[in-house]
Protein chains: 2
Amino acid sequence: MTSFLLADVRPWGGAAVDIRVVDGAISDITPTGPAGGSGVAADQQRIDGRGLLALPGFVNAHAHVDKSWWGQPWVSYGGEATTQGRIAHERAERDKYGIPSVAGTQAVLREFLRHGTTATRTHVDVDLGVGLRGIANVHEAAAALDGAVDIEIVAFPQDGVLRRPGVLELLDQAAAEGATSIGGLDPASIDRDPVGQLDALFEIAARRGVGIDIHLHDRGDLGAFQYELIAERTVQAGLHGKVNVSHGFALGELPPARRAEMVDQLGAAGISWTTVAPVNSAPLPWREMRTAGVAIGLGTDGIRDLWSPYGDGDLLQVARQFARLHGLRADEDLTYAIELATTHAAPFVHRENHGLTPGARADIVLLDAENVPDVLVRAPRRELVIAGGQVVVRDGELQA
Amino acid sequence: MTSFLLADVRPWGGAAVDIRVVDGAISDITPTGPAGGSGVAADQQRIDGRGLLALPGFVNAHAHVDKSWWGQPWVSYGGEATTQGRIAHERAERDKYGIPSVAGTQAVLREFLRHGTTATRTHVDVDLGVGLRGIANVHEAAAALDGAVDIEIVAFPQDGVLRRPGVLELLDQAAAEGATSIGGLDPASIDRDPVGQLDALFEIAARRGVGIDIHLHDRGDLGAFQYELIAERTVQAGLHGKVNVSHGFALGELPPARRAEMVDQLGAAGISWTTVAPVNSAPLPWREMRTAGVAIGLGTDGIRDLWSPYGDGDLLQVARQFARLHGLRADEDLTYAIELATTHAAPFVHRENHGLTPGARADIVLLDAENVPDVLVRAPRRELVIAGGQVVVRDGELQA
């Protein structure tokens with residue numbers, strides 16, 4: 001069923017409407033009549049929205065769906081708690097858990113759907129051990145779900161780039177075969193050559209016409225210096241709107257004047273930012289970033305992998321954590337956090353139109369909530385989830 | 001029904017047992033037989049635990065159940081975002097929302113139950129406007145729920161103590177009438193007289209034989225100085241084990257050497273600590289506090305009141321946030337966070353025995369989880385909640 005009438009729902013908590021879905025897309029939206037959900041053609045199915053609040057499907061702008069042990073017996077955390085320690089631990093242990101796998105990826109994507117996420121940008125490990133197998137797995141898992149979760153892939157050199165000869169060629173091959181972006185990882189602290197890694201990544205991106213989405217954990221001035229290198233190269237390569245920094249913890253830590261200059265430089269270069277809103281991280285200067293045009297995306301990061309046992313794939317929890325971390329309390333600011341998880345995230349999955357509007361893919365989440373701030377602070381159960389016109393969740397439960 | 005057999009549950013994720021409940025208390029615990037839940041006397045009811053994981057009821061060690069607008073239409077956040085601003089805003093606006101009220105308190109307590117909280121220490125506003133009416137409301141609301149939520153009351157001078165002549169007398173009266181503790185509030189930054197407020201509170205506590213639970217938001221050295229004043233007076237007044245600091249943000253912020261001395265002083269004085277684990281607060285030195293015998297309790301703080309629109313009353317979410325804030329990842333540490341929300345919190349509601357053990361009040365939460373770390377990181381639905389021997393939640397839904 002990808003054509004139906006979703007009757008009597010309240011988009012963003014507003015007045016009740018009927019949403020007509022045809023061939024997996026929203027075709028039109030009309031006020032719900034006094035009888036509720038009138039206007040059903042005889043040959044068309046009707047879903048009763050019961051006056052629930054409707055939001056666009058959530059967009060997870062930073063995930064790692066390829067390497068979770070979700071669905072397997074509990075894996076106790078091990079290894080050393082540093083970035084390098086986690087990388088080594090993962091490479092040593094992943095075979096034991098059959099990581100990466102199609103089944104594991106599919107388990108994660110299903111959990112995303114259960115929580116209302118209908119599109120995700122996912123980093124997928126590319127290294128000398130797994131080659132491009134992880135990417136193939138993700139494509140296969142997504143196809144097995146009939147494309148319910150719309151996927152954008154970043155070929156991610158989790159084990160380093162320059163320090164692992166052969167990885168650049170894998171990234172180049174991934175870009176040639178359809179990855180939308182190539183990734184990078186701490187050019188200074190992991191590869192020990194920030195200019196070298198960045199030049200190599202930008203060379204591939206410019207030649208292949210793909211984007212770059214780079215993990216940058218480095219703090220303070222070392223982090224900031226690499227943001228500058230990235231901004232300079234983005235302008236030189238003409239990649240405005242195609243480069244993203246993931247994590248970027250240093251930005252919130254910079255002294256105000258330096259931070260303001262940096263935000264302007266990022267905005268001018270058309271660089272976006274994704275955050276998983278870690279507790280105990282420095283808040284981002286989100287108002288200044290909004291003014292400067294630096295788009296912010298929210299992500300879950302990995303869930304249940306060899307890096308961390310945390311994560312449940314619920315982007316609403318990330319939005320709430322973002323809101324608390326940034327001290328948001330006014331209704332319009334609480335609503336902004338939900339926009340980051342939905343409409344504002346469209347660029348992270350290369351959508352022109354992601355929202356409850358005609359022409360958009362029919363990605364719709366229904367929640368039993370009074371208004372959008374109420375959604376944010378309670379993160380209630382997803383009553384109904386529609387993904388690409390398919391009903392994938394009813395009463396909080398995944399459908400077969 | 002307060003006598004029954006709860007069959008086939010896994011306490012703390014261990015082997016399956018049958019828990020016999022008689023007159024609202026756990027009477028005995030036996031391994032589940034091969035048939036599952038054998039040993040039911042003919043006159044006794046049996047509840048099928050379906051092999052679910054069982055925990056003791058959650059203990060919320062820091063709540064404000066008297067002044068929420070939970071259950072009312074959404075109230076947009078207003079007023080100035082400082083402690084003094086929030087106090088003034090609340091006093092100016094509360095009448096408009098009928099705060100405090102029995103119905104509002106009951107709505108909060110029911111939400112606590114839905115999430116598995118069966119005991120709470122709650123601060124209740126006592127001031128020149130409401131007098132002791134808030135305390136009476138809480139008693140009435142708790143009684144209307146047949147005592148399902150076991151309540152311990154702190155008479156809380158939210159509007160200040162010395163600066164509001166008459167409040168000390170109200171605290172004294174509350175102590176005489178059964179409040180287990182009297183509260184205090186930022187003796188320096190609100191009352192402008194730390195020694196004066198503390199001396200007055202300790203005089204009442206020593207004379208009435210009650211405890212003290214003091215809100216302390218002050219940071220840095222000003223916060224630490226007041227911890228010292230409190231520790232000195234606790235020792236002098238012989239109130240070992242009866243004094244608690246709520247929030248105490250400064251403790252995590254002190255330089256390591258000063259912090260270590262402070263933790264030792266707090267432990268020697270028998271002072272405990274409650275935290276709501278705010279994102280972006282300095283982590284507590286919890287290992288050192290454990291060694292020194294400084295008990296830590298977890299609380300939700302207020303939910304949906306005129307201070308903040310946040311909060312859903314789910315203590316598991318607080319435990320998870322505590323765990324993330326403190327970087328807990330090993331299984332034993334994730335389990336510790338759950339212990340803070342359950343067994344370790346017994347002193348905060350003056351229980352000798354709070355756990356899944358014979359003699360304890362039958363406060364039991366069932367969850368569909370593999371093990372205790374899985375409970376912490378997913379905070380899944382509460383399948384069944386038993387409070388004082390009453391089944392109050394089934395399949396995640398509150399019973400009438």
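## Close-up views of a two-chain predicted model

Residues 24 or more positions apart account for 74% of the contacts in chain A with a separation of 6 or more; two residues are in contact if their C-beta atoms, placed from the backbone, lie within 7 Å. This is a predicted model, in which local features need pLDDT of at least 70 and side-chain atom pairs count only at pLDDT 80 or more, while totals for chains, interfaces and linings use all residues. Residues are numbered from 1 along each chain as its sequence is written, and chains are lettered from A and ligands numbered from 1 in the order in which they are written.

**View 1. Chain A as a whole.** Chain A holds eleven helices and 16 strands; helices (H or I, at least four residues) and strands (E, at least two) are DSSP runs, numbered from the N terminus. Its radius of gyration is 21 Å, close to the 21 Å that the globule rule gives for 400 residues, so chain A is as compact as a globular protein of that length. The radius is taken over C-alpha atoms, and the rule is 2.2 Å times the number of residues to the power 0.38. Along its principal axes, the C-alpha trace of chain A spans about 65 × 50 × 40 Å. Of the 400 residues in chain A, 55% are buried. A residue is buried if 20 or more other C-beta atoms lie within 10 Å of its own, exposed if 12 or fewer, and partly exposed in between, with C-beta atoms placed from the backbone.

**View 2. Two domains in chain A.** Chain A is divided into domain 1 (4–56 + 355–398) and domain 2 (58–349), with bounds from an automatic or database domain assignment. The C-alpha centres of these two domains of chain A lie 30 Å apart. Where they touch, 19 residues of domain 1 of chain A are in contact with 25 residues of domain 2 of chain A. On the domain 1 side, β4 (45–56), α11, β14 (382–387) and β15 (390–394) of chain A each supply at least two residues.

**View 3. Where chain A meets chain B.** Each partner brings residues to this contact: 22 from chain A and 22 from chain B. On the chain A side, α9 (315–325) and α11 (372–378) each supply at least two residues, and α11(A) gives the largest share, four residues. As for the copies, 100% of the interface residues of chain A are also interface residues in chain B, so the copies meet through the same surface.

**View 4. The axis between the copies.** Chain A can be laid on chain B with an RMSD of 0.0 Å by a turn of 180° and a shift of 0.0 Å along the axis. That is the relation of a two-fold axis. In chain A, the C-alpha nearest the axis belongs to Asn280(A), 2.2 Å from it. Copies are superposed by least squares on the C-alpha atoms of residues with pLDDT of at least 70 in both.

**View 5. Backbone details in the loops.** Most residues other than glycine have a negative phi, and most peptide bonds are trans. In chain A, a cis peptide bond joins Ile99(A) and Pro100(A), with omega about 0°; Pro100(A) sits in the loop between α1 (83–93) and α2 (102–114). Trp12(A), although not a glycine, has a positive phi of about 55°, and it lies in the loop between β1 (4–11) and β2 (17–22) of chain A.
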